[in-house]
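Please prepare a briefing on the local features of the model shown below, with the cut-offs behind each term.

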Amino acid sequence: MGRPTRLVFVCLAVFLFVFPLTLEKPGVPATLKADEPAYYLLSLSLVRDGDLRFEMKDNDRVFEEFPAAPAQNLLLMSPDRWKTVYFAKPYLYSLFAAPLVALFGANGLVAFNMLLLLAMIFLGTVWLRQWNPEPLALLFSASFFLLSAGFSYVFWMQTELFNMASVMACLFFGLYEPGAEGAPERRRWWLWALLSGAALALAVYNKPMLAALGFPVLYRWARARRFREIGAWLAGAALTLGLAAGVSIAFTGKPSAYLGMERAGLRICRPGEMPIQPETSTAEPVHAAAQKAGEARSWFWIFRIPEVNAESFFENLGYFLWGRHTGLFVYFPFAVLSVLLFLLHGRRSGVGWVNLGSLAVVALFFLLWIPFNWHGGGGFVGNRYFVNAYPAFLFLVTRISPAWLPAVGFGWAGLYLSTLFFQPLGLTVKFPTLQSHVRNAPFRIFPVELSLQGIPGYHRIGRSGARIVARRDQVLPMGESLWIEGGTRAEVYLETFEPVERMSFVVLNRVPGNVVEVSLGDARERLAFGKVPPEGDARRVNLAPGGWDRVSWTRGQRYYVYKLVVRAARGVNRTWTVEMPPPPCTYFAWTAKTQEDFFTGAELTYLGPSEGLDKDLYALDWVFARVPRQVKAGETFLAGVKLVNRSRETWPVDAAARINLSYHWLDAAGKPVVWEGERTPLPRAVPPGETVNARQTVKAPPTPGTYTLVLDPVFEQIAWFADKNGGKVYRAQVEVVEPSPPGPLSQPPAQPPGEGELP
């Protein structure tokens with residue numbers, strides 16, 4: 001490099017290397033995420049203990065730097081049913097980073113990642129200056145690595161940067177032309193070939209499918225009949241893999257952390273408490289979980305023949321290219337520019353085409369072998385698996401012409417990667433996830449990857465025969481309804497097994513003067529509200545989308561996807577109780593309950609296909625109803641009922657529009673005292689002509705007196721049976737007396753017969 005270029009690079013390097021050392025704790029949330037616990041503790045174990053075993057002292061080290069945020073996914077393995085426990089991740093990354101970890105702890109891993117990034121920028125500059133001015137070469141190389149999802153992984157304490165640097169070194173030492181300025185002398189061919197093979201072997205030890213990226217180097221030498229280089233390259237790769245496997249055998253008895261052991265992802269809860277114990281009669285559930293997870297977290301899946309579904313493959317291929325969370329066009333703009341420059345200036349290069357084919361092989365491997373998880377699982381930014389291969393795109397580039405082309409990459413990165421660049425540790429927003437950046441408006445033009453599992457920040461819930469996918473910051477499921485955030489554009493995806501011509505929804509508004517717009521495909525409905533009663537203003541909306549938005553495949557199952565967009569102009573804060581489920585790590589004796597506000601603009605209930613709501617299913621006969629003649633005021637009691645479905649339709653029980661048992665209370669003058677009675681679900685769906693028994697819950701009026709209890713089933717959100725032809729009710733006179741101290745539930749005079757028995 002010339003002196004000015006070298007000065008620019010050194011200044012950039014100093015700044016970027018110092019940056020990780022200033023961090024309080026790397027990453028948001030401030031905890032160990034994804035595979036970080038294993039790599040972090042593994043590095044500490046190598047530094048302080050010189051081994052790969054997981055022991056109590058390793059357990060307690062988590063709390064030295066992360067006292068309030070325990071490890072959530074510590075991957076461990078055992079060869080002897082958990083009597084001896086080892087870290088279940090390859091050790092090479094932690095070994096190379098160990099010196100910096102000894103100096104700076106967890107931040108040392110991030111600093112090591114930054115050094116690897118800087119080394120790749122340097123090698124990229126040297127590669128590109130063969131055909132371009134040095135300043136342009138440095139600009140393109142730095143932009144290539146900094147303006148990509150790869151930059152985010154600098155701040156992850158795991159192997160992505162290590163694998164990227166290994167791939168970069170392999171291709172640089174194998175493809176950099178002898179005789180060019182600064183290139184190696186011909187007599188050093190064997191050293192460069194050894195380094196190229198050894199570098200790729202480091203990445204292959206972590207991810208075997210990356211071996212395909214060595215094809216361009218081997219092809220180049222094979223075409224030139226330089227078989228000595230091929231031999232040296234293979235020797236370097238074999239020696240490195242053999243040494244890595246040998247060290248692993250010496251430490252653990254196995255050549256790799258992915259072979260031959262039981263594996264489990266466990267949680268560290270507190271100092272002095274191991275997350276797993278040797279198998280005993282009381283520890284069997286832990287062992288069973290490890291046994292179940294072992295194959296999924298090993299290399300055995302690599303050697304199986306994948307079950308290929310063509311529809312699922314092409315859907316995922318589209319997501320791979322332009323998905324909202326994973327797309328190559330979105331998260332790697334300079335990879336796209338590299339392909340374009342190759343087509344402009346290097347399309348006659350056989351090595352370039354082999355390189356492009358090798359990248360395709362790596363991508364196809366993930367898409368075919370793990371079609372539900374090719375993006376990198378629950379912890380990812382962009383495509384976490386494919387980022388390992390990303391440096392290979394740089395070696396498609398020769399001439400950077402026209403010189404203004406990098407500006408296109410900068411503009412694209414400004415739209416989609418600026419948040420990741422300026423806030424690489426994560427966004428501090430409401431409902432934060434690693435994917436919070438996709439909430440920015442430019443991402444709306446790209447589709448959500450509905451076929452993938454483990455995209456944080458989304459609800460996936462079943463409602464009325466459909467699967468609903470919606471962002472957690474915009475939509476809050478509450479019972480059958482979805483609370484939609486006010487003042488925003490909320491996207492809700494409905495996935496159905498069969499096409500639906502018309503869909504029905506109930507929109508409940510509690511905000512005076514609100515305007516709610518609901519759109520579904522070609523259909524749109526605008527609801528303007530004025531004054532609102534205390535119970536809210538509910539309106540039913542029927543929308544004919546004019547066809548589905550797309551077809552999605554999940555594990556071989558086809559779904560028809562409809563995109564619903566809801567806009568509520570106004571909203572009101574509504575309080576809801578957050579009850580934390582029993583956590584794996586219990587720190588406090590009390591149950592965690594908090595009150596939170598959700599700015600609710602509308603409450604949306606999906607009823608299902610409209611045609612199913614117009615069916616005449618109201619005809620019934622009452623076989624009997626056993627109701628107490630006297631109850632206490634405000635008391636909840638049970639009524640034994642038996643009724644027959646005399647309609648031609650099955651009574652549904654698993655949708656928002658379902659059949660429930662309910663009742664009304666009328667006073668002596670026949671006026672309603674309580675109209676909306678308690679709901680009692682039917683025990684099962686009831687086909688035409690069948691009989692059903694149930695114990696119906698009824699709550700007595702709060703004031704003593706003589707009342708008429710009207711048992712009246714309800715087709716929820718649609719109609720009471722009494723309002724339809726054939727819908728019969730059961731009436732009983734009940735005396736409500738002064739209440740007494742609370743006691744057990746009153747029982748009907750006689751127990752109704754069991755399901756299927758005669759009265």
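Asn509 lies in strand E9, residues 503-509, where strands (E, at least two residues) and helices (H or I, at least four) are DSSP runs numbered from the N terminus. The model is predicted, so that local features need pLDDT of at least 70 and side-chain atom pairs count only at pLDDT 80 or more, while totals for chains, interfaces and linings use all residues. Residues are numbered from 1 along each chain as its sequence is written, and side-chain values use heavy atoms, with hydrogens and water left out.

- Asn509 counts as buried because its relative accessibility is 0%; buried means under 20% relative accessible area, exposed over 50%, and partly exposed in between, with a 1.4 Å probe and protein chains only.
- The side chain of Asn509 reaches the backbone oxygen of Val511 at 2.9 Å, and a polar contact of 3.0 Å joins the side chains of Asn509 and Asn514; a polar contact is a pair of N or O atoms within 3.5 Å, of which, within protein, one must be able to donate a hydrogen and the other to accept it, and residues adjacent in sequence count only if both atoms are side-chain atoms.
- Apart from neighbours within four places in sequence, Asn509 is in contact (heavy atoms within 4.5 Å) with Asn514, Phe529, Val532, Gly536, Asp537 and Gly601.

**Helix H6**

- Helix H6, residues 134-146, has 13 residues and reaches 18 Å from its first C-alpha to its last, close to the 18 Å expected at 1.5 Å a residue, the expected span being 1.5 Å times one less than the number of residues.
- H6 is mostly covered, with 11 of its 13 residues buried, among them Glu134, Phe140 and Phe144.
- The buried residues of H6 pack against helices including H1 (3-21), H5 (106-128) and H7 (160-175).

**Backbone geometry in loops**

- In the loop between strands E1 (74-78) and E2 (86-87) lies Arg81, whose phi is near 55 degrees, a positive value in a residue other than glycine; Arg81 counts as partly exposed because its relative accessibility is 40%.
- Trp82 is found in the loop between E1 and E2 and has a positive phi, near 70 degrees, but Trp82 counts as buried because its relative accessibility is 1%.
- The peptide bond from Ser401 to Pro402 is cis, with omega near 5 degrees, and Pro402 is placed in the loop between helix H15 (350-369) and H16.
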